[in-house]
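Me: Could you show me how to read salt bridges and burial in a structure, step by step?
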Number of protein chains: 2
Amino acid sequence: MNKFSPLLQQLIDALRILPGVGPKSAQRIALQLLERNRTGAMQLAKALAVAMEKVGHCQQCRTFCETDLCAICSDPRRSDSQSLCIVASSSDQFAIEQTGQFKGRYFVLQGQLSPLDGIGPAELGLDLLQKQLGTGSVQEVILATNPTVEGDATAYYIAEQCKKYQVNVSRIAHGVPVGGDLEYVDGTTLSHAFSGRKPI
Amino acid sequence: MNKFSPLLQQLIDALRILPGVGPKSAQRIALQLLERNRTGAMQLAKALAVAMEKVGHCQQCRTFCETDLCAICSDPRRSDSQSLCIVASSSDQFAIEQTGQFKGRYFVLQGQLSPLDGIGPAELGLDLLQKQLGTGSVQEVILATNPTVEGDATAYYIAEQCKKYQVNVSRIAHGVPVGGDLEYVDGTTLSHAFSGRKPI
């Protein structure tokens, strides 16, 4: 016996697609589900199949949703907002929503500019963004891409494009995280924090 | 928006049944599958559903398999063997099979005695084991349960039962692992290694 029974081995192989799951973990997960939680695993199978089949992108903001417009884009209190926050992923959008701070609309790039990986403006839906800017309904664009090389490049690229449409463009602040310890903050963040200092 | 779209949120909740997956990881896995690997996720959904529905236990050795008898129990070169190795789980059986050392049959307990968790002799299929010992086809029993309190208790319980049937009972050796460093081996293991010393 070099392998488990065919169906069990198929399950173990299929589990390898999960991020961070190697051969040993896949085996452990498969056996644990079979031993202890067959009902839960059946539910997971259904949820996976339905989500992969039905969940697409919002036609306006490109976040993941199974309807034409997502909950935010179809909410009249928010869809009329003139602020548009641009984020790299649905999880970034979710993190911002959790703060309750921002009450405008979003545009989800579903990635960041990365020419080496073949991700250009078309893959990020920037044509759709331009159309929305062209209608004049957006007065303010807030760039909330990640503070990484790709995130910076994406932010500058979009900022350049926004110039044509006379909208206010800003980027979220970089600095020392609240509750963080200055001693353990890296140099680049610290110099961002200095250059972005504000009068009290 | 406190949540993702209903189907996506259902997927995130369903992923929580996987061992070691919390809310954040579940979210990351769901979004990553939607973004990058819908085909793989569909395959995983199918493999999960099929395995949970079809995979049962071998009627002879209780390991996981979808047929009445597993590959080992239905292999004539092994099913006639008079050696029976008793292990706690299918993954332990798999680990022993990987060594290629043992050519006999197995009996998989699918657990270890643990009265506090409601796991007694019946849950481990010890009645089935007794029947097999009663037929006289087993000459040697090798106890390969884990070297833990529960594993020890299970091994001693089964060894007591075997006494009635005049079979040779042995337990796998405990000692210093090969390639290990004496300095870092715990005291109990080291004393096991001393008491189990062999003449060269």
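Reply: Keep in mind that this model is predicted. A salt bridge here is a side-chain nitrogen of Lys or Arg within 4 Å of a carboxyl oxygen of Asp or Glu, and one case is A:Arg77 with A:Asp75, whose side chains meet at 3.4 Å, N to O.

Me: Are A:Arg77 and A:Asp75 buried or exposed?
Reply: Buried means under 20% relative accessible area and exposed means over 50%. A:Arg77 counts as exposed because its relative accessibility is 72%, whereas A:Asp75 is buried because its relative accessible area is 18%.

Me: Which residue forms a salt bridge with A:Arg78, and where in the chain do the two lie?
Reply: The partner of A:Arg78 is A:Glu97, and their closest N and O atoms are 2.9 Å apart. This pair links distant parts of the chain, since A:Arg78 sits in helix H4 (residues 76-79) of chain A and A:Glu97 in helix H5 (residues 90-99) of chain A, 19 residues apart. Both A:Arg78 and A:Glu97 are buried.

Me: What is the case for B:Lys163 and B:Glu160?
Reply: B:Lys163 and B:Glu160 form a salt bridge too, with 3.2 Å between the closest N and O atoms. B:Lys163 counts as exposed because its relative accessibility is 59%, while B:Glu160, at 48%, counts as partly exposed.

Me: How many salt bridges are found over all chains?
Reply: A search of the whole structure finds 8.

Me: How is chain A divided into domains?
Reply: Chain A has domain 1 (6-54) and domain 2 (64-171), and the C-alpha centres of these two domains of chain A lie 34 Å apart.

Note on methods. Residues numbered from 1 in each chain as written. Chains lettered and ligands numbered in written order. Predicted model: local features only at pLDDT ≥ 70, side-chain atom pairs only at ≥ 80, totals over all residues. Heavy atoms only, no water. Domains from an automatic or database assignment. Buried < 20%, exposed > 50% of the residue type's maximum accessible area, 1.4 Å probe, protein only. Helix = DSSP H or I, 4+ residues; strand = E, 2+ residues; numbered from the N terminus.
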